[in-house]
Amino acid sequence: MAHPNRRDLGLLVLRVGTGAVLAAHGTQKLLGWFGGGGIEGTTKAMEAMGFHPGRESAIAAGLGEAGGGVLLALGLATPAAGAAAAGAMAGAVAVHAPAGFFAMAGGYEYPAFLGFTAAAIGLTGAGRYSLDHATGHVLDRPWVVATAFLGTAIAAAAVVGRRAADQTSPDQDPDPEAA
């Protein structure tokens, strides 16, 4: 075996740590693990936070976090994994932004950090100690990087933008004839 490369070891540690945190957070949403609300509780929370439809938003956030986290930890399809996780964190940042930056005050510090870290790993690549490397980088090509990050940026902007528009529009009675 070749002498271990510190850069690749560092990427392994960063990938596994970040991926594990994201996967745990996502499984709270999807499966109710680690004290989470599961899909039903997350659906209600998403609706309360202004994400509609709530169930689809809960599934998307949970899959972005859990799926992106597992793939990051494995170093498989790293650009898509990093983009998915970063996109999910963009929604979390939008929720926490009114409270300012710092997490102590309920701000967006933590989801922003996870999102930037996931994006950086997705852009940098998984390194030598990864499934991407073992498979000849078949899922880690320049076009995958561009497609994954562009697609995620468009989707995140649409979801966050819709939420912002819904929150700034005056409340309307969904059934005007009921009045």
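**Figure 1. Overall view of the predicted model.** Of the 179 residues of the protein, 37% count as buried, where buried means under 20% relative accessible area, exposed over 50%, and partly exposed in between (1.4 Å probe, protein chains only). This is a predicted model, in which local features need pLDDT of at least 70 and side-chain atom pairs count only at pLDDT 80 or more, while totals for chains, interfaces and linings use all residues. Residues are numbered from 1 along each chain as its sequence is written, and side-chain values use heavy atoms, with hydrogens and water left out. The protein has 7 helices and 0 strands, in the order α-α-α-α-α-α-α from the N terminus on; helices (H or I, at least four residues) and strands (E, at least two) are DSSP runs, numbered from the N terminus. Taken along the principal axes, the C-alpha atoms fill a box of roughly 75 × 35 × 30 Å. Among contacts with a separation of 6 or more, 66% are between residues 24 or more positions apart, a contact being heavy atoms within 4.5 Å.

Figure 2. The volume of the largest pocket is about 750 Å³. A pocket is found on a 1 Å grid over the protein atoms alone, as an open set of points where a 1.4 Å probe fits, with protein on both sides within 12 Å along at least five of seven lines; lining residues have an atom within 4 Å of a point. Grid points are joined across faces, edges and corners, and the volume is the space filled by probe spheres set on the points. The lining of the largest pocket comprises 40 residues, and Met46, Ala61, Ala88, Gly91 and Ala92 lie nearest the centre. Two or more lining residues come from each of helices H1 (6-31), H2 (38-48), H3 (54-74), H4 (78-96), H5 (109-124) and H7 (142-168). H4 gives the most, with 9 residues. By residue class, the lining holds 21 nonpolar, 13 polar and 6 charged residues; Ala, Val, Leu, Ile, Met, Phe, Trp, Tyr, Cys and Pro count as nonpolar, Asp, Glu, Lys and Arg as charged, and the others, Gly among them, as polar.

**Figure 3. Close-up of the second largest pocket.** This pocket has a volume of about 200 Å³. Its lining consists of 15 residues, with Ala86, Gly87, Ala90, Gly115 and Ala119 nearest the centre. At least two lining residues are supplied by each of H4, H5 and H7, and H4 gives the most, with 6 residues. The lining divides into 12 nonpolar and 3 polar residues, with no charged ones.

Figure 4. Gly38, Ile39, Thr42, Thr43 and Met46 of H2 are buried. These residues lie on the same side of H2, because they cover an arc of only 155° around the axis, the arc being that of the directions from the helix axis to the C-beta atoms. Lys44 and Ala48, on the other side of H2, are exposed. The elements covering the buried residues of H2 include H1 and H3. Gly50, which follows H2, has a positive phi, near 95°.

Figure 5. The largest nonpolar core is made up of 9 residues: Leu22, Leu72, Ala81, Ala85, Ala88, Met89, Leu114, Ala118 and Ile121. Such a core is a set of buried Ala, Val, Leu, Ile, Met, Phe, Trp, Tyr and Cys residues joined through side-chain atoms within 4.5 Å. H4 and H5 each give two or more residues to this core, and the largest share, 4 residues, comes from H4. A second, separate core of 6 residues includes Ala83, Ala86, Val145 and Phe149. Leaving aside neighbours within four places in sequence, Ala88 is in contact with Ala61, Gly64 and Glu65.

Figure 6. Thr27 lies in helix H1 and is buried, with a relative accessible area of 12%. Not counting residues up to four places away in sequence, Thr27 touches Gly32, Trp33, Phe34 and Ala66. Leu131 belongs to helix H6 (residues 131-134) and is partly exposed, at a relative accessible area of 36%. With residues up to four places away in sequence not counted, Leu131 touches Leu74, Gly75 and Leu76. The C-alpha atoms of Leu131 and Ala77 are separated by 8.3 Å, although the two residues are 54 residues apart along the chain. Thr152, in helix H7, is in contact with Ala83, Ala84 and Gly87 when neighbours within four places in sequence are left aside.
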